[in-house]
Amino acid sequence: MKKLAILLFVNVASFCLASSAFSGSLAPGQMTKCNNASSITLENTGGGAPLDFGTQRNEGNASIWKSSNFTTIPISLSPSANQGFPGNGGGSTGYKGKGGNEKVNMSSKHSMGRNKVVLGSQNNFSRGDSIGDISGEVRITNTGTTNLSVNCG
């Protein structure tokens, strides 16, 4: 019985150490954990599923669960995603053949997605007070179609 208890303790301790400082690639569908990280860096490393016409979508999506306030947030890292906006900001043409922003004489507010995001700890909040709190255990699940690089700092 003592040997079983010692073996269980060693396994739990090694799991905690391995999950507290993870750094590496996370394939679609995989999950990793960070414990009490000062920062978590997520980066889209490309290589998404090809479409019918041979282009890469590079959809990097993640689901972040935080034990500090038991919330789950989605993060999208899709640097090549343009949401299908045609011309100057999208919209259907109709008013004098103009579309989107041109109808109201505005400059285009369209921008492409991001490749990398850094989540930082917020030490001026007590545990669980902020929706962005990354204290405690944070579970990162890759829900996209491309690999993500995860670094728990």
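Start by selecting T41, which is buried, at a relative accessible area of 18%; buried means under 20%, exposed over 50% and partly exposed in between, with a 1.4 Å probe and protein chains only. The model is predicted, so local features need pLDDT of at least 70 and side-chain atom pairs pLDDT 80 or more, while totals for chains, interfaces and linings use all residues. Residues are numbered from 1 along each chain as its sequence is written, and side-chain values use heavy atoms, without hydrogens and water.

T41 lies in strand β3; strands (E, at least two residues) are DSSP runs numbered from the N terminus. Show its contacts (heavy atoms within 4.5 Å): leaving out residues up to four places away in sequence, T41 touches K116, V117, V118, S149, V150 and N151.

Next, select I40, L42, I64 and I140. In the largest nonpolar core, which has 16 residues, these four touch the most other members. Such a core is a set of buried Ala, Val, Leu, Ile, Met, Phe, Trp, Tyr and Cys residues joined through side-chain atoms within 4.5 Å. Two or more residues each come from β3 (39–44), β4 (60–66), β5 (71–77), β7 (137–142) and β8 (148–152). The most come from β8, with three.

Stay on I140. Beyond four places in sequence, its contacts include L26, M31, C34, I40, L42, I64 and V150.

From C34, go to C152. The two form a disulfide (sulfur atoms within 2.5 Å), with their sulfur atoms 1.6 Å apart. C34 sits in strand β2 (residues 31–35) and C152 in strand β8, 118 residues apart. The S-S torsion is about -45 degrees, so the disulfide is left-handed. Both cysteines, C34 and C152, are buried. A search of the whole structure finds one disulfide.

Methods:
Helix = DSSP H or I, 4+ residues; strand = E, 2+ residues; numbered from the N terminus.
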